[in-house]
Amino acid sequence: MTTFFPATLLPCISKPQFSFPQLEIKTPNSIFTCSSSKPVHNNNNLQNPKPNVTRYSTISNEDTLLFNDWPELIKISIGSRDFLLGQAVHSYLVKAGSQDDTFKGNNVLNLYVKFNRLDLAQKVFDRMRTRNTITWTSLIKGYLEDNDFQSAFSFAGDMHKFGENFNEHTCTVILQACSSPDDRILGEQIHCFVIKSGFDENVFVGTSLIAMYTKSGFFDVAEKVFDSMGFKDIRCLNFMILEYGRAGNGGKAIEVFKNLLNDGFEPTDYTFTNIISTCNGDLGVEEGKQLQGLAFKYGFLSETSVGNAIITMYGNSGMPKEAERMFSSMSEKNLISWTALISGYSRSGYGKKAVDAFLGLHDELGINFDSTLLTAILDCCSDCNNLELGLQIHGFVMKLGCACDVNVATALVDLYAKCEKLQSARIVFDHLSNKGIASFNAILAGFLESSGDEEDPMILFNQLRLAGVKPDMVTFSRLLSLLANQASLEKGRSFHAYTVKTGFDTNISVANSVISMYAKCGSIEDAHQMFNIMNCRDSISWNALISAYALHGQAQKSLFLFEEMKRKGFDPDEFTILAILQACTYSGLWKDGICLFNLMEPKYGIKPLLEHYACMADLLGRAGYLSEAMDIIKRSPFPKSTLLWRTLVNVCKLHGNLNFGKLASKHLLDLSPVEAGSYILVSNMYASEKMSDEAAKVRKVMNDLKFRKEAGSSWIEIDNKVHHFVASDKDHPESREIYTRLELLTDEMKWS
């Protein structure tokens, strides 16, 4: 290599040369006194005395115990966090004229670095006439620990420019400063230097290389570095287990763990914390239970970090009772313990328990809340649609000054969006100083739930894109779902093209959303074409296409895809069965529908849900088997569901069977006496049979109760323009032509 560092890293000394402040000389006759009242002089019979320091002063005689013991006193200062003692030792060394001694200068510089006083460390560095590798490395490490990575890189460049040798520790420190993908080039240069200098066998350097590549997003390179290392210590193995877990590769993490035990290493609490934390992906809860038993065997189950990992594992696996049992058995709990328990309750649907734990946390234990815990409880409020508590938490967030935290703010946006308070969500979103894609995805969830026209999310998306915010797969999936709900085919096609341009069309989740978008927008051919070009499919892909054909009344194609799906090794789920039942209902294939329904539980192990029973009631009713439809409703686990009785009333209306219609209407109105839609459905049934008096009576009851039903609406997009229609509406500029064409179509349907 011609240059070791980029030119931008090779300035002159990056920090200004400070003049060291003049020391004030005091006249008392001792700098340190021991427990004896007499001053202690250098004596051959006194070997390395350990003074009991009681007070500080100055001395004119340099022949004291400090001549030999100042390094020990600096260690005591650092260990006891006694900054004044360290300054006193520094004062003695300056007075003794030791500024030209590199060893003493390095010790003083390290003292100030340990106390995070980089201003004083920089002054010591600037006054040193002779520096060595330790001098430079100590200061670079200080800036690293202060998270001032740019200064660390700048001093590394200066160090190389002035010909100072890098050692293993220097390389380790610089690699630790490479904390983002943008630092990969510098990290690779250090890697080349490490190989050239023969430092690659050093386990600390190797571990730092692994960390650098994982932070840069090059996990495959990190894995190669790990595999090439001749010697690995417990720290390196623990770190690799952690990184495999973060990458979702629990299988390889457990292999490293097994090798660790087989090679004779003693696992630590950190080992068990990392390996148990991997039990969320391809490693499941059963493996986690075994690891929990192993942690008990090695005596680490009482460690708080291990307990926290176990609570998190059970919480993520939907086992809140086991998480609660582990939590209760812990002798020492911290904020992470509580956060893990509350998050577990929330994920498992135990919203009330999560809220109770949160409310009792501060009152009983006085633990301060952090942004992670606040985010967890806000997510719980969001999942439970508990806006009232969410508003209180928002107020608490403002009081604590956490409103600027991006995770908390994103959770607030998600809460308001899911509770259909888009204006509040937008206010929180607009006040975010650093808008990220996660917060935008959260507000998109609100647009998916809302039926209003507050704002076009595509405009907001374009604004963020121009500001440099890059969309992810969640963004594409949600925007495509939004366009599908709007039946906006032209925008959907444009957005599909954008996914191809950005490479997200190969993402299986995005591709599934594209299929659903085309299906809901009426372009079944485009949906099938997208399905055909997918390199990898899952059950959702098959369900999306089966539902597409079912939605368009092409039951035979749905049934063919269903059989093809099973041949390819995909097991049907409740959504697959529902789509096939809907296809059979719309196409009159009632025998196929009944056969599939009867096989749901015995063959596929799927217990019928409310929606399946509703489909069966509709299927039997449309086939003319009204008695059987009523019977299946009564025998279902949901005999008091308004959805089932409303379905039966509708099919009675279609067949003009008032006898069953009246029975079904009575059940429906008894179950939902305050629902306007039920009264209108019954009224329409009577009206369709020319029983205007009965229809009027039902309408009168509805009016007396002051019920109102929002008029149905529909829309269609033509030439990139959306046309809205409301029932019995004549406000459209072409309404006369539309109604004329509608009458012609109605007559054609009657006579065909």
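Reply: The axes of α9 and α11 come within 10 Å of each other and cross at roughly 15°. That angle makes α9 roughly parallel to α11, where angles under 35 degrees count as roughly parallel, over 145 as roughly antiparallel, 65 to 115 as roughly perpendicular and the rest as oblique. The axes are lines fitted to C-alpha atoms, for helices over the stretch in contact, and the angles run from 0 to 180 degrees between N-to-C directions. The helices themselves (H or I, at least four residues), like strands (E, at least two), are DSSP runs numbered from the N terminus.

A word on the basis of all this: the model is predicted, so local features need pLDDT of at least 70 and side-chain atom pairs count only at pLDDT 80 or more, while totals for chains, interfaces and linings use all residues. Residues are numbered from 1 along each chain as its sequence is written, and side-chain values use heavy atoms, with hydrogens and water left out.

To return to the pair, α9 passes α11 in a left-handed crossing, a term for a near helix turned anticlockwise from the far one by less than a right angle, whereas clockwise would be right-handed. On the α9 side, Val203, Phe204, Thr207, Ile210, Ala211 and Thr214 meet Arg235, Cys236, Phe239, Met240 and Glu243 of α11, contact meaning heavy atoms within 4.5 Å. Sorted by type, the residues of this contact are seven nonpolar, two polar and two charged; here Ala, Val, Leu, Ile, Met, Phe, Trp, Tyr, Cys and Pro count as nonpolar, Asp, Glu, Lys and Arg as charged, and the others, Gly among them, as polar.

Next comes helix α10 (residues 219-228), in which Ala222, Glu223, Val225 and Phe226 are buried. Because these four cover an arc of only 160° around the axis, they lie on the same side of α10, the arc being that of the directions from the helix axis to the C-beta atoms. On the other side of α10, Lys224, Asp227 and Ser228 are exposed. Buried means under 20% relative accessible area, exposed over 50%, and partly exposed in between, with a 1.4 Å probe and protein chains only. The buried residues of α10 pack against α9 (203-215) and α11 (234-246), and also against α8 (184-197) and α12 (250-262).

The crossing of α5 past α6 is left-handed. Thr133, Trp136, Thr137, Leu139, Ile140, Tyr143 and Leu144 of α5 make the contact with Phe149, Ser151, Ala152, Phe155, Ala156, Asp158 and Met159 of α6. These residues divide into 10 nonpolar, three polar and one charged.

As for the setting of these helices, the chain holds 39 helices and two strands, and buried residues make up 44% of its 752 residues. Among the contacts in the chain with a separation of 6 or more, 60% are between residues 24 or more positions apart.
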